[in-house]
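Open the model in your viewer and keep the selection tool handy. We will go from one stop to the next, and at each one you can look before reading on.

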Amino acid sequence: MGIKMKLIPGFKLIISVLTLILVQYSYASEDQCFNCHRDLEDNPSKLFVEDVHYKVGLSCSSCHGGNSNSDDMELAMNKSAGFIGVPSLNKISEACSKCHSDAVFMKKYNKNILTGQFEKLKTSVHGKLSVNGRGMMLQCTTCHNAHGIKKVTDSRSPVYPTNVPATCNKCHGDASFMQSYNPSLSVDQLTKYRTSVHGILNAKGNTKTAECASCHGSHDIFSAKDVRSKVYKLNIPNTCSQCHSNKDYMKDFPIPTDQFEKYQKSVHGVAVFEKQDLSAPVCNDCHGNHAATPPGIESISKVCGSCHALNAELFSASPHKKAFDEKKYPECETCHGNHEILIAKDKLIGVEEGAICLKCHAEDKNQKGYRVAKIMRSQIDSLMSLDIVAKNLIFQAEQKGMDVEEIKFKLREIHQARLETRTIVHSFNEAKFKEVTNKGFKASEMAITEAKASIDEFYFRRYGLVVALALITFLIVIIFLYIRKIEKTKSV
Amino acid sequence: MDQIGSNKPEKKDRRDFLKFLLSLGLTGFGVATIYPVISFLKPPKQAEVEVNSVVAGKLDDIKTGESKIIRFGNKPVIIIHTEDDKFRALSATCTHLDCTVQYKKDEKIIWCACHNGKYDLYGKNISGPPPRPLDKFKVVIKNDELIVSKEA
Amino acid sequence: MKNQTKKFYDWVDSRVQLGDLVAFMSKKYVPVHSRSIWYYFGGVSLFFFIIQVVTGILLLFYYKGSSDLAYESIRFIMSKVQFGWLIRSMHSWSANLFILSVFIHMFSVYFEKSYRKPREMTWISGMFMFVLALAFGFSGYLLPWNELAYFATKVGTDIVGAVPVVGEPLKYFLRGGDDVTGATLSRFFGFHVALFPGIFTFLLMLHLLLVQRQGMSEPMHLKIIAKAEKKTMPFFPNFMLRDLLLWLIVLNVLAILAVFFPAELGLKADPLASAPAGIQPEWYFLFMFQTLKFLPAHVWFIEGEVLGILLFGLAGLLWLLVPVWDRKSSRGQQNRWINYIGIFSVLFIIILTIIGWVLK
């Protein structure tokens, strides 16, 4: 009993190895389809030798159907034996999905293999009907080839990282082809990509840098306007951070990995993640998408200026432009930072603690800027306090039950002037700055005068009441005396 | 005054004086009540309440290619007389941070000075930070007058 | 000057015999006793009504009764029109005080049993005016077209809709449609400034005519005193001057209230907005509103709310017809039950109003 127990596992192993060899051999030799077609030296059979499916022992009939055991063409390629010939359109992908959508079956070959690619493809943008209207735009074979299918880790595979760009470009670089699907989509993505850091490394054979599928996905590609897309505006930071925030992954590259963390805290990140504001910039709005690269020192103001146009324009005309360029200071970034751009507070300007101007300007160094910064700050401060005074007075008047709707209208102008100071400050020009603040001073003066008048009106009502009460009370007293008088007369 | 001082026809005088005071009191009362009423009836500076529609002025007030900002309730509205001789009225409050927008004749856009937000003449946000288009108002021309009203 | 006045008086007198009227009024005497004070509340109510008419007419100069302009026109009155705030605040305060003084007037008449023969018609005309006064308040409350008024009207007309049989059509009629809309505002405006004042003026004339014709009612306990010992006061000028004195004091109070607690406007009604918390009717409907809230959803087989409305209707009807079923008082006998019912009613109204106020 004991001996038998020991023997059996060893025996089983031998048997199974033998069977495997036998089966492999018999498939190779007994696959009559392949035998015949190899003799014909046709292309499919030539390619199939290198195919991953051939290597695991699948036969032609696995995809094309028919009876691979028979060498009689009539019998082997008979419809009654399930022969489907050359599948067309969706039949192609359906043939692949017979196995690739079957998780149980696929696990036999590789327990990590993914399934369900066909389902993903069907819902993706490529799963929509092609121009002929009879099948999906893409079939599995469009990217993976038909008879010479390699593993994705095989550098000969068209979907191997360094090959992906060329594969996608087959269609996406063909203007006349893309014209029939999306005429407004550009076809220069590959050209741009090759200028990017990603593209250059990829061309050098680096498989870790991003290629098309890294950002767009593989089977589940959606239009960038689709909220499910990995490159939908609000999803981009997460997509980029999958690699760029991964310290292990990025260890071969000499760049920091905290951009996402910083960005999340920035005014832009808050706008994107908390307010779902689609107009706020995500990674690609500054770095570019296909030609992703950090903006150069002198071009920062142009990049930021694509949204903050006025600030950039004012800056470019300001004396700082030349000074920054000479000293190689990155333009906007010097004061505002890059990924962690916080809301610009008034305290950034001026000569007190926390003011950025102090970095270069001091009472004894670059004095002119020091003086202007001081003036600008004091103007901003007084505008702010006037705003508060006006608001307080209006609040008081409102509390007293006065109608202040119209004065509140004036508050808009103060508000606007205060906002405009934030912009005009980038001119770093005292006269231009004062033009804006004067507008605010004038508006606040008017608002304060009117609010005061409204409060005066409140007291006028009280005094008016006193006068009216006095007059009426006087009459009351007289009537009272009169009544007493006539009644006295009567009783007398 | 003398009458009070004299003692002989005291009663009659006092009565007359009381009557005098009574008429004085009545007059005072009349003033105290009539004054507010008369003031109330005096037509106010702004002739009547105008909120759902506002008379923006005469047709000739805004020349072709010019614009004007009017008050609509407590909000500003910009009226533009376009080159093709049409009138458009849009809310003049920038949808970004509530600044008041203006018409830029050379670029044929509506422009916000605060952050360079741009809108086309239909109020659609076309560039810069504005997240939404400007609200539209209706312009009707009646007897050579421009009347701006809320879109139904 | 004096001659001129005399001449004018003679001119009119020779045509309409004013002398008769003066003689009639000066021969009319008002009884003087410990409860004479209650006589004045009729006059005070009249004064408030006059104020309502005057300020109401003034407000009509600027008010616009349509859903898109009502709120704005009142804001216009409050901010742009000189003394507009005063006129509106007076109108609003005087409306509330009018109802208060009418309440007092009604209960004083009730407790004195002054409705007894021969003054049944005076009582009934007064009761109709009381109902109209409440209707004035209800319709006027909506006219500023603010949030609170809008929802209070919605709730109020809903309660009307709960009345069996006639409720639904009545609600539809009041609202001028299925819901409270601009159409409701238009008809409430019509009720408030044309229909109700018309009916009210007619009833008031009748009421005053009856009072003048029949004189003031004396409390029942004075009957036993001999006629010679009774203290009286001529209606004209003594009583009228006292009336005038009180009116002026009331006017002072009104002016103080209007200046220190001006009428508020709140937010414009938005039919699509959800109802704000603490929707309440005006204080004089509060006791009824609160009672309906306290009633259980179902009493026996009838809905609580319907039951409440029916009970209030029945109570109102009995109250209106008190001169008919209180035969004892008319015969000059004591009727304690009337006092008990009256005290119960007063306590009920006061307590539930306070509860409603506190539970806000």
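Where the two chains touch, 29 residues of chain B are in contact with 25 residues of chain A. Between them, chain B and chain A bury about 2600 Å², and carbon and sulfur atoms account for 67% of that area. Which parts of chain B should you colour on this side? H2(B) gives the largest share, 12 residues. Colour this side of chain B by residue class, and you will find 15 nonpolar, eight polar and six charged residues.

Polar contacts between chain B and chain A do occur, in four residue pairs with both residues at pLDDT 80 or more.

Next, hide chain A for a moment and select chain B with chain C. Here 17 residues of chain B are in contact with 20 residues of chain C. Chain B and chain C bury about 1600 Å² between them, with 73% of it on carbon and sulfur atoms. The side of chain B that touches chain C holds 11 nonpolar, four polar and two charged residues. Between chain B and chain C the count of salt bridges is zero, and two residue pairs are in polar contact, both residues being at pLDDT 80 or more.

Stay with chain B and zoom in on strand E9 (residues 136-142) and strand E10 (residues 145-150) of chain B. They run antiparallel and are joined by six bridges. Click on Lys142(B), and look across to E10(B): its bridge partner there is Glu145(B). Two residues lie between the strands of this hairpin, and Asn143(B) takes a positive phi near 50 degrees.

For the last stop, bring back chain A and colour by pLDDT. The mean for chain A is 85, and 93% of its residues reach 70 or more. Where in chain A is confidence lowest, and where is it highest? Helix H1 (residues 2-30) of chain A has the lowest, at a mean of 53, while helix H11 (residues 164-172) of chain A has the highest, at 93. Where pLDDT is low, the predicted coordinates should not be read in detail.

How values were computed: Residues numbered from 1 in each chain as written. Chains lettered and ligands numbered in written order. Predicted model: local features only at pLDDT ≥ 70, side-chain atom pairs only at ≥ 80, totals over all residues. Heavy atoms only, no water. Contact = heavy atoms within 4.5 Å. Buried area = accessible area lost by both parts, 1.4 Å probe. Polar contact = N/O pair within 3.5 Å; in protein donor to acceptor, adjacent residues only side chain to side chain. Helix = DSSP H or I, 4+ residues; strand = E, 2+ residues; numbered from the N terminus. Nonpolar A, V, L, I, M, F, W, Y, C, P; charged D, E, K, R; others polar. pLDDT = per-residue confidence, 0-100. Salt bridge = Lys/Arg side-chain N within 4 Å of Asp/Glu carboxyl O. Pairing = 2+ DSSP bridges.
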